Amino acid sequence: MTSPSPSTSMRVGVNLMWCLPGQVGGSEQYLTRQLAGALDAQPDLDLTVFATPEYLDRHRQTLVGAELVAAPVDGHARWKRVAAESTWLYARTGGFDVVQHGGGTAPRAAHRPYVLTIHDLQYRTYPEYFTPLKRRYLDSMIPRSARRAAMVTVPSEYVRRSVIRELGIDGDLVAVVPHGYEPELLVDRTPEADLRERFGLGDGRVLLYPAMTAPHKNHRFIVELLETEWRDPDLRLVLIGGRGLAADALDAMIAAASPGTRERIVRPGRATDADKNGLIALAAALVFPSTYEGFGAPLIEAMALGTPVLCSNATCLPDVAGDAAVVKPLLPASWAAGLDEVIARRDELVVAGRRRVEAFTSRRSGEALLGVFARLEEILGIA
């Protein structure tokens, strides 16, 4: 059963001026895919996206059907973006029935009603991963933005519970809009032979961890496993993603590891979408030892590409994984056994993953977002 859709007369604006391509993690794909899914589900949706020229250049073909408006700032200087949201964006959104602010905060000068998308509340769970200035900013802006919102959307039930508990928002006004994947994910990928040759992966098993080196991504745990438990000399661990706050510590840890461990770690850095998809597809398993996630989109991407998943039992990950992954506590012995289980149950997990991913398509994500807009129409009496 699909969600209700808003009327064709409802004008919807979306603020993505904060979204810097390649620098904001999974939130870029999350918002882009749900908007594309909404346009697919309701082609006559009156949707206008306000974003940086760089974002629009990258996603113009994905958001066919939306009006795309380039912001006068590139988004790299926060103060300039905040100023533009309160002036330039404010002046252009007065005629909309609702505006969705997708970055977890809304400008102080924001037309109401608006929908606020909160990706996670990690800054409250792990405040040590944020500078004091960033914590003060988030603690000031997120609760205020959420309290003024007509509705709040979140990527998972875990984040929904967090928002209700931490911010005191009425649960009836917090809706889950799940992540989705695009059909192109299944076809846009570099061939396995090319990747194995280019990255020196040999003929053995490959484990892939696609994540920026942020502290909560817990790369250290995987490297320790490679040193102590996963000692197959033909096994390769591929770490893709940008450099985050934990990058230097990870560099030092790998440098101090044994030669046998160092030579089995491959770090290409940021990967193209085709390389990332190809690496996921060839991997014996996607490993995901994160200690905090608002959703964990790589789990769904791996399932869509027919790759088994071994992940931690932290935050939302068990809910996203369902019965289609091996979920283990972050203990070396558990993960050593977990990899054996993934290999033994590979065919079963691939089938379960393909079934699981049907609940996380871009179309389903878009339909959930349309349901939020339709509910607002009903609540607010928008004709």
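These legends describe close-up views of helix packing and aromatic contacts in a predicted model.

**View 1. Helix α1 crosses helix α16.** The axes of α1 (residues 26-41) and α16 (residues 362-380) come within 6 Å and cross at roughly 80°. The two helices are therefore roughly perpendicular. Residues of α1 in the contact include Arg33, Leu35 and Asp40. Their partners in α16 include Arg363, Glu367 and Leu370. The contact residues comprise five nonpolar, five polar and four charged.

**View 2. Helix α7 meets helix α11.** Here the axes of α7 (residues 192-199) and α11 (residues 273-282) come within 9 Å, crossing at roughly 100°. That makes α7 roughly perpendicular to α11. Glu192, Leu195, Arg196, Arg198 and Phe199 face Asp275, Gly278, Leu279 and Leu282 across the contact.

**View 3. Phe50 pairs with Phe96.** The ring centres lie 5.9 Å apart with planes at 75°, so the pair is edge-to-face. Phe50 belongs to strand β2, and Phe96 to the loop between α3 and β4, so the pair ties together parts 46 residues apart in sequence. Phe50 is buried at 2% relative accessibility. Phe96 is also buried, at 11%. Arg11 lies over the face of Phe96, 4.1 Å from the ring centre.

**View 4. Phe221 pairs with Trp335.** Centres 5.4 Å apart and planes at 85° make this pair edge-to-face. The pair links helix α8 to helix α14, parts 114 residues apart in sequence. Both Phe221 and Trp335 are buried.

**View 5. Tyrosine rings form a cluster.** Tyr126, Tyr129, Tyr158 and Tyr292 make up one aromatic cluster.

Technical notes: Residues numbered from 1 in each chain as written. Predicted model: local features only at pLDDT ≥ 70, side-chain atom pairs only at ≥ 80, totals over all residues. Heavy atoms only, no water. Axes fitted to C-alpha atoms, helices over the stretch in contact; angles between N-to-C directions. Helix = DSSP H or I, 4+ residues; strand = E, 2+ residues; numbered from the N terminus. Parallel < 35°, antiparallel > 145°, perpendicular 65-115°, else oblique. Contact = heavy atoms within 4.5 Å. Nonpolar A, V, L, I, M, F, W, Y, C, P; charged D, E, K, R; others polar. Phe/Tyr/Trp six-rings, centres within 6.5 Å; stacked < 30°, edge-to-face > 60°. Buried < 20%, exposed > 50% of the residue type's maximum accessible area, 1.4 Å probe, protein only. Lys NZ or Arg CZ within 6 Å of the ring centre and 35° of its normal.
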